[in-house]
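Trainee: I would like to go through this structure term by term. Let me ask what stands behind each label.

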Amino acid sequence: MQVNIPNLDGNSRVYAVFGDPIHQVQTPRLINPIFAAAGVNIYAVPFLITAERFAATWDIFSAIPNLCGISTTIPHKVVAAKKCSTLTPTAKAVGAVNCVQRGEDGLMNGALFDGVGFVNGLGEEKSRLRGARVLIVGTGGAGRTIAFALAEEGVRKIDLMDLSAESVAFTASMVNSFRGEECAVAVDGSAGWDYDIVINASPIGVKGNSKFPMPAAAIRPEMLVADIASLSEETALLAAARAAGATVSDGNDMLLAQVRLMAGFAAGLPAGTAL
């Protein structure tokens, strides 16, 4: 039986999606129709790349002439930024990338659209941000850029949790420097869970057996609970939030709000230009 794959031929270019885990990633499903509709001969393919193999894999892929770029997800956003030749201002400030464009000169140019994606993905709930008390669990690439975007939107307080004290310190320093005040601090839950917005920006729920640090009983109906790890299936955190009557947002909301920006950058357009 012959199967035709649209926009795939000898002139096609590859947009690689690197992550670990990778089973939950929705980028190829969402971005390939955009490429096809725009008549761009690019197709996105997911690759399971462990942290230990990331550097070697990056070097191989970046040398392939018909690679147009790389989309990075958990846990590669920070290390990928260090491998890029150039960074957009936001990517440089945050120290992370989620979309990399391979130029015709072979240079790898990094951009970060998670922040605008998260904020715009909230839709009408975006109005909750100004003056809000926020908990972010996970201060890797996604957590950092969300914290930066929330600081821009005028949240009152950002509490941070992560297994890496260094990552928390970087994120807090970045946010506080931007705001000119102590807006972001490290917490351990000992002071309670009095938040307006709770965000999981870690792999908890899709990788390993770790449990979200905030107990389900602390979720209140008036909270907004977001879990960017939730893409192909609902995580325990979002299930608990729904049961408590809280407003929820998953990773698809964030991804859908930025996927056309990612497609444009992968296709060679300037960062921030939608395809």
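Mentor: Start with helix α5 and its surroundings. The buried residues of α5 pack against α3 (77–83), α6, β10 (197–200), β11 (224–227) and α9 (251–266). Keep in mind that this is a predicted model.

Trainee: Which residues of α5 are the buried ones?

Mentor: They are Asp114, Gly115, Gly117, Phe118, Val119 and Gly121.

Trainee: Why is α5 called largely enclosed?

Mentor: Count them against its length. Six of its eight residues are buried, so the rest of the structure largely encloses α5.

Trainee: Now the helix pair. What makes α5 and α6 oblique to each other?

Mentor: Take the angle. The axes of α5 (residues 114–121) and α6 (residues 141–153) cross at roughly 60 degrees. Roughly parallel needs under 35 degrees, and roughly perpendicular starts at 65. The pair is therefore oblique.

Trainee: How close do the axes come, and which residues make the contact?

Mentor: The axes come within 8 Å. On the α5 side, the contact is made by Asp114, Gly115, Phe118 and Val119. On the α6 side, Ala142, Thr145, Ile146, Ala149, Leu150 and Glu153 take part.

Trainee: Is that crossing left-handed or right-handed?

Mentor: Right-handed, as α5 passes α6.

Trainee: Next, a single residue. Why does Thr57 count as buried?

Mentor: The cut-off is under 20% relative accessible area. Thr57 has 14% relative accessibility, so it counts as buried. It sits in helix α2 (residues 54–62).

Trainee: What does Thr57 touch beyond its sequence neighbours?

Mentor: Set aside residues within four places in sequence, and Thr57 is in contact with Phe18 and Ile49. Phe18 is 39 residues away along the chain, and 9.5 Å separates the two C-alpha atoms.

Trainee: On to the sheet. What is its strand order?

Mentor: The order is β9-β8-β7-β10-β11-β12. This is an open sheet of six strands, and the pairing is parallel.

Trainee: What makes β9 and β12 edge strands?

Mentor: Count partners. β9 and β12 (247–250) each have a single partner strand, so one side of each is left without a neighbour in the sheet. On average, neighbouring strands are turned by 15 degrees against each other, direction ignored.

Trainee: How do you know that β7 and β8 pair?

Mentor: Pairing needs at least two bridges. Five bridges join β7 (residues 133–137) to β8, and the two run parallel. Val134 stands opposite Ile158 in β8.

Trainee: Why is β8 described as largely enclosed?

Mentor: Four of its five residues (residues 157–161) are buried, so the rest of the structure largely encloses β8.

Trainee: Where does α8 lie, and at what angle to β11 does it run?

Mentor: α8 (residues 236–243) lies across β10, β11 and β12. Its angle to β11 is about 160 degrees. An angle over 145 counts as roughly antiparallel.

Conventions
Residues numbered from 1 in each chain as written. Predicted model: local features only at pLDDT ≥ 70, side-chain atom pairs only at ≥ 80, totals over all residues. Heavy atoms only, no water. Buried < 20%, exposed > 50% of the residue type's maximum accessible area, 1.4 Å probe, protein only. Axes fitted to C-alpha atoms, helices over the stretch in contact; angles between N-to-C directions. Parallel < 35°, antiparallel > 145°, perpendicular 65-115°, else oblique. Left-handed = near helix turned anticlockwise from the far one by under 90°. Contact = heavy atoms within 4.5 Å.
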